[in-house]
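Biologist: I would like to go through this model with you and ask what each term rests on.

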Amino acid sequence: MQTHDTDGLVTIGDYIRWAASRFQANALHFGHGTDNAIDEAAALVLGSLHLPPDLHSDYFGCRLTRAEQAALSAQIAERIESRRPVAYLLGQAWFCGLAFAVNEHVLIPRSPIAEMIEAGFSPWLDTTEVHRIADVGTGSGCIAIACALAFPDAQVDALDNSAPAVALATRNAAEHGVEDQVSASQSDWLSAIEPQPLLDLIVSNPPYVDAKAMANLPAEYQHEPQAALAAGRDGLDAVRAILPQAAERLSEHGILVCEIGHGQAAFTQAFPDLAVTWVSFARGGEGVFVVDGATLRAAFAATDGSAGTG
Ligand SMILES: C[S@@+](CC[C@H](N)C(=O)[O-])C[C@H]1O[C@@H](n2cnc3c(N)ncnc32)[C@H](O)[C@@H]1O
C-alpha cells in the first residue's frame, strides 16, 4: 500500500483537495459520474463520510476524527492502486437524486436518461397513459426504480439476464419502497415478460460498446461486468435484439427510449429507414433516441425483421 504524509490534513476540504491532487498526479480516468479530479475526490470523501453528495461548502472546514482520516486515506490509496471506481469502493451510486446499492455485478449508474425521467419523458410521452413500463437491461434497477417513483400508478418490469443484477435490483426496489410496483426478473431482453398488457414505455440503456472501444477501455471500466458493456463489432448487437421485440410489445401510444452512446453513425448506417429522434440533454450526454411503437412496427413489418442492413 502506498503511503503519503497526511499529518497536516484535518478537514473535509483538506481531504478533497489532497485526494484530487493524488488522483491527478496518478492520471486516473474519470467517467463514472464525474469528469474531473475534484468532483471524483468530493464523491469519495463525502460518500465515505456518509454525507450528501451536494453538501454545502460551508461544511468543508469541519474536522475529521482519526478513524475517519485513516479510513479515507486507505480508500484514496485503493482508488489509485486498484483503479476501482468510487461507487464500487463505497457500494453506492447516485441516480436521479436517489442512492442505489451497487456491486461489481452491475454497471455504475450514469445514464443521461436520468434527465428524461426527471422531466417525466416530456414531451415524448403521454403521461396520462403510462400503466406499464419495462426497463430492459436493468442492472442495479436504477432506471426502473426512478421510473416507478416518477409514475406511481405504473407497474414496472425490471429485466436483466444476469441473476446477480436481478437480485440487486430487487434489493434496491425494496430499499426505495417500490417493491410492489417494480418486478425484477431474469429475462433475455423482453422475452420472459407477460405479453399483456402492452407496454406504454420501454426504457433501455443496453450494452453498446463496440469491439474497438472494448479493446481500449481505461482500467476503471474493466471493473464493470463486460456483459454490461460489450455489444459486438459495431456496438449494436443489443439494439438489434431489442428493436423488434419492442415493436411487438409497445402499446398504441407507447415509446421506446434507448441509449447507444457514441453509436449514432453506426445506428443510422444499420437502420437507414428507421426514423428516430435523438434527444438533447441540458446536463450532458448523448446517443439516446426515442421512437414510437407505430414507427417500429412499420419498420419491422416491412422487412424480414431486420429493418436495416445491420
Ligand atoms: C449498460 S448496463 C445498464 C444497467 C442499468 N440500466 C444502468 O443504466 O445503469 C446493461 C445491462 O444489460 C444487461 N444485459 C446484457 N445482455 C442482456 C440480455 N441479453 N438480456 C437482458 N439484459 C441483458 C447487462 O447484464 C447489464 O445489466
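Biologist: What is the strand order of the open sheet, and how is its pairing described?

Modeller: This is a predicted model, where local features need pLDDT of at least 70, side-chain atom pairs count only at pLDDT 80 or more, and totals for chains, interfaces and linings use all residues. Residues are numbered from 1 along each chain as its sequence is written. The open sheet has seven strands in the order 5-4-3-6-7-9-8, with mixed pairing. Strands are DSSP runs of E, at least two residues, and helices runs of H or I, at least four, numbered from the N terminus. Two strands pair if DSSP finds at least two bridges between them.

Biologist: Why is one side of strand 5 and of strand 8 left without a neighbour in the sheet?

Modeller: Strand 5 (182-186) and strand 8 (277-278) stand at the edges and each has a single partner strand, so one side of each lacks a neighbour in the sheet.

Biologist: What makes strand 3 and strand 6 a pair?

Modeller: Strand 3 (residues 132-136) and strand 6 (residues 199-204) share four bridges in the parallel sense. The definition asks for at least two, so they count as paired. Ile133 stands opposite Leu201 in strand 6.

Biologist: Which residues are closest to the ligand?

Modeller: Gly137, Gly139, Asn161, Asn205 and Ala228 are the closest of the 23 residues that surround the ligand. A residue is near a molecule if its C-beta atom, placed from the backbone, lies within 6 Å of it. Helix 6 (142-150) and strand 4 (155-160) are the elements that give two or more residues to this shell.
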